[in-house]
Every structure is written in structure tokens, then in C-alpha cells.
Amino acid sequence: MAVYRVPILKRCRSLGLDPVYLGVDKKSNRELKRANRKISEYGLQLREKQKAKFIYGVLEKPFHNYYVKADKMKGMTGENLLTMLESRLDNVIFRMGFARTRRESRQVVGHKFITVNGKRINIPSYRVKAGDEIEVVEKSKGIQRFKDILEVTGGRLVPEWLDVDQENLKGVVKELPSRDQIDVPVDEMLIVELYSK
């Protein structure tokens, strides 16, 4: 399976992205040395697409498939795309505070620590629906790993489209998020323009 092997801070610097969106608290002291060249329209569109792919940890082919599905749905394609990315199981686990970073949330799901409506799911790209109950497996709730995670993520703000009980490591998806509830710094219209060429 393909994996991003580029250091997170280096990639964030090149995309002009704050590492907080990935759950990383570190800051880079280095400045990006870039010539004062004007970026083309295509360059801006490509950077927005790369930002979205990097934030959600999605590779090119699945990302394009998300775009195709979003284009077929009713409503704005860009908003549909972000809603689909936001409703991935690994992202929902990160938003609920059951993982420190998005990469860790992917690992938590892959190691079968999570159930959705009582059924174990180990597919990070599984799309949750409104009303789904997400919970850490009962026998894993006492593991030191989750105690450490809750220590770090305890003060993190949970989006209003989720209802979380951090004591019992479970939560409910109240509704799928709308664009104004998604706080990622991505201009989805540029991504739509890029793919619609």
C-alpha cells in the first residue's frame, strides 16, 4: 500500500499549511525559500488539491473517485467532496478525539479498535452516515494507549455535528457536516475547476 513518506512539517511548509490541521502540535522554525515567482492559475488549483489530499491522507486515485461521486450528487460539487472526505471513518475518529493525529486515527481503525453500530470496521475510508454510533471496542477501552490519547485530546473542540462521550470512548454522528462546519483551509472551488478542465 502506498504511504506518504515525506516528513509532515516539510510538506506543511511547502503547501503553506498549519500542522494543527493534521493534529501535529510542532512548529517548524525554518522558512520556505521560494523565489518571488507568480504562481499560475493551474499551480494554485493543484496546490489546493494537494492540500486536501494531504490533510485527509488520501492518494490520487481514491481522491479522484471521491470527486466523480461528488459531481454526480445533488448540490455543489466542492461542498459534496469535502463532506465525503470529512465523513470518512478515520477522520471522524480524529474529530472525536480518539486519536492524536489523522495518521494515528487511520492506524486505530486499521487495528480493529473501532466499531460502527456494534460491528467492527477496519477500513479507514468507510463512510459514516447520520445516526451511526461509533465506539472503541469494549476490551480495548482500558488500554494505556487510549488513556494517553484522551490526556492529549481532552481539550480539543469537538465539531457540533458529532456527539461524543469521551469517558466511555463512544460517540454518535448527529448529521453529516455542512461546509461552514468544516474548518479545513481548502478552497474547494479551485479543486472543482482543476478536475472540470
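**Close-up views of a predicted model**

**View 1. Glu-138 and Lys-141 meet in a salt bridge through their side chains, 3.5 Å from N to O.** A salt bridge is a side-chain nitrogen of Lys or Arg within 4 Å of a carboxyl oxygen of Asp or Glu. Side chains of opposite charge can pair when their charged atoms come close. Residues are numbered from 1 along each chain as its sequence is written, and side-chain values use heavy atoms, leaving out hydrogens and water.

**View 2. Arg-88 forms a salt bridge with Asp-90.** The closest N and O atoms are 3.1 Å apart. Both Arg-88 and Asp-90 are buried.

**View 3. Arg-179 forms a salt bridge with Glu-188.** Here the closest N and O atoms are 3.0 Å apart. Arg-179 and Glu-188 are both buried.

**View 4. A network of salt bridges links Lys-49, Lys-53 and Glu-60.** The count of salt bridges comes to 12.

**View 5. Helix H4, residues 77-86, is mostly covered.** Helices (H or I, at least four residues) are DSSP runs, numbered from the N terminus. Of the 10 residues in H4, 9 are buried, among them Leu-81, Leu-82 and Met-84. What covers them includes helices H2 (41-56), H3 (60-72), H5 (89-96) and H8 (188-195).

Key. This is a predicted model: local features need pLDDT of at least 70, side-chain atom pairs count only at pLDDT 80 or more; totals for chains, interfaces and linings use all residues. Buried means under 20% relative accessible area, exposed over 50%, partly exposed in between (1.4 Å probe, protein chains only). Helices (H or I, at least four residues) and strands (E, at least two) are DSSP runs, numbered from the N terminus. Contact means heavy atoms within 4.5 Å.
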